[in-house]
There are 2 protein chains.
Amino acid sequence: MNFCSQCGGAVSLTTPPDDNLPRHVCTACGTIHYLNPKLVVGCIVEWEGRILLCRRSIEPRYGLWTLPAGFMENGETAREAAQRETLEEARAHVEIDDAFALISVPHVNQVHLFYRARLLEASFSPGLETLETALFAEEAIPWREIAFQTVTLCLRAFFSDRAAREFHFHEAALPPVSGRI
Amino acid sequence: MNFCSQCGGAVSLTTPPDDNLPRHVCTACGTIHYLNPKLVVGCIVEWEGRILLCRRSIEPRYGLWTLPAGFMENGETAREAAQRETLEEARAHVEIDDAFALISVPHVNQVHLFYRARLLEASFSPGLETLETALFAEEAIPWREIAFQTVTLCLRAFFSDRAAREFHFHEAALPPVSGRI
C-alpha cells in the first residue's frame, strides 16, 4: 500500500496512538488503513457417498484438485458464500449442512471455512476457474494432487468422522513454517 | 474508495471480465481492489462458573457490556486473536478451549467467531477500550445492556449448552434486516 484510498495522499507505516502495530496511515488526511485476514469459504459436497472436487484452471496450483471454495464477499453470509462458490466453480446446486472445519492460515492472512453439503441433483460442470469437475469415492481421492493443505486436512477429517458415524466441528491452524496454504 | 492504493490513480466501480460484481478498479494501473468481510474474534471466558464481560469505553455501543473480542490481525491464527483481544481488553490471561460459535453479520460485512476459554488466574482489569471488567454469574448477566446481538446469541447458546452438560459448535447469521450487529 503506497497511497491513501480516501484522498490519494502518500501513506507511511507508523503505529497510531493507542495501537501496538504499525499501520498504513495517510500523511495527508490521517486515515488509518487496516489490513485483515480474508475468509475463504467452501464446502465438502457429497453425492451418494462420493465427493465433488474441482481441478483448478487458475494459479495458484493450476491443474490440482480442490474443494469448491473462494473468497467470501461483502454482504453475504458464510453459508451463502459456500453455496455461491460451489455454483460458480462447479455449476452445482447444493444444500448446505453444518459448518465442518475452520483452519487459520496465518502466513497468507487467510482463514478457511468449510461446510458439509449435498448435491441437490447429479448435475455439475466446470465453471470459469475450473478445468474439470468429478465425484470421487474415498479410495479414489487424488491425495498427491490436492491443491491446498487445508483441503487435505478437511477431507481427512471428513472421512474419519464419516467412518465413525459422527461429524463434529474441527478447528485448526496450519503451522506458519509450512510455507504453503 | 476513491484512489488506488498502489499507484494513487482514480478508481472506478466496474465489473472486471470473468467477474460478476462491480469492483473498485484503478483507471491508471488496472489493479482490482477487493473488499471482503472482516473476522471479529473473541472468547467466552469462564472463572468458577462466572463469565468475564467488558464495558466498552469506545463507540459503537459505548458503556454497554461485551465479550472480549476484536478484529483479527494479519499473521495470527484465530486462537491467537481471541487470546490477544482478551489480554488487550480485559488484561486477562486465558487458555483457549474449543471454537464455540460463528455468526455472519452480512449487513456490516463481518463474521464473529467466539471460543470458549478459561482464566488462568483471577486477575483482570480494564484495557484501553474498556471502562470496567467484571465476572457475572448467569443470573446476573445484564441482558438489556449487552452491546451486540452476536454476544447475546453466543451467551444464550453457551448457558443452554452448559445446562445440558454438552457443548457443541453453533453457526448462525444475523438477519440482514436487524440493522445492528
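This is a predicted model: local features need pLDDT of at least 70, side-chain atom pairs count only at pLDDT 80 or more; totals for chains, interfaces and linings use all residues.
How many residues lie between β8(A) and β9(A) in their hairpin, and which residue in the turn has a positive phi? Residues are numbered from 1 along each chain as its sequence is written, while chains are lettered from A and ligands numbered from 1 in the order in which they are written.

**Figure 1. Chain A has 2 helices and 11 strands.** Helices (H or I, at least four residues) and strands (E, at least two) are DSSP runs, numbered from the N terminus. Along the principal axes, the C-alpha atoms of chain A fill a box of roughly 60 × 30 × 30 Å. Of the 181 residues in chain A, 36% are buried; a buried residue has 20 or more other C-beta atoms within 10 Å of its own, an exposed one has 12 or fewer, a partly exposed one falls in between, and the C-beta atoms are placed from the backbone. Among contacts in chain A with a separation of 6 or more, 60% join residues 24 or more positions apart. Here, two residues are in contact if their C-beta atoms, placed from the backbone, lie within 7 Å.

**Figure 2. Chains A and B meet, with 35 residues from chain A and 35 residues from chain B in the contact.** On the side of chain A that touches chain B, β4 (38–47), α1 (78–90), β8 (94–105) and β11 (170–173) each supply at least two residues. The largest share, 4 residues, comes from β8(A). This side of chain A divides into 18 nonpolar, 10 polar and 7 charged residues. In this count, Ala, Val, Leu, Ile, Met, Phe, Trp, Tyr, Cys and Pro are nonpolar, Asp, Glu, Lys and Arg are charged, and the others, Gly among them, are polar. Chain A superposes on chain B by a rotation of 180 degrees with 0.0 Å of shift along its axis (RMSD 0.0 Å), and that is the relation of a two-fold axis. The superposition is by least squares on the C-alpha atoms of residues with pLDDT of at least 70 in both copies. The copies meet through the same surface, because 100% of the interface residues of chain A are also interface residues in chain B.

**Figure 3. Strand β9(A) pairs with β4(A) and with β8(A).** The hairpin of β8(A) and β9(A) has 4 residues between the strands, and A:N109 in the turn has a positive phi of about 55 degrees. These two strands pair in the antiparallel sense over 9 bridges, and A:A101 has A:F114 in β9(A) as its bridge partner. β4(A) and β9(A) also pair over 9 bridges, in the parallel sense, with A:L39 opposite A:V111. Two strands count as paired if DSSP finds at least two bridges between them. Strand β9 (residues 110–119) of chain A is largely enclosed by the rest of the structure, because 8 of its 10 residues are buried.

**Figure 4. An open sheet of 3 strands in chain A has the order β1-β2-β3, with antiparallel pairing.** The edge strands, β1 (11–14) and β3 (32–33) of chain A, each pair on one side only. Strand β2 (residues 23–26) of chain A joins β3(A) over 2 antiparallel bridges. Look for A:V25 opposite A:I32 in β3(A).

Figure 5. The 13 residues of α1 (residues 78–90) of chain B should span 18 Å at 1.5 Å a residue, which agrees with end C-alpha atoms that are 18 Å apart. The expected span is 1.5 Å times one less than the number of residues. Buried residues in α1(B) include B:A78, B:A82, B:T86 and B:A90.

**Figure 6. The largest nonpolar core has 84 residues.** Such a core is a set of buried Ala, Val, Leu, Ile, Met, Phe, Trp, Tyr and Cys residues joined through C-beta atoms within 7 Å. A:C43 and B:C43 have the most contacts inside this largest core. Neighbours within four places in sequence aside, the contacts of B:C43 include B:L67, B:A82, B:T86, B:I96 and B:F114. A second, separate core of 6 residues includes A:C4, A:V11, B:F3 and B:V11.
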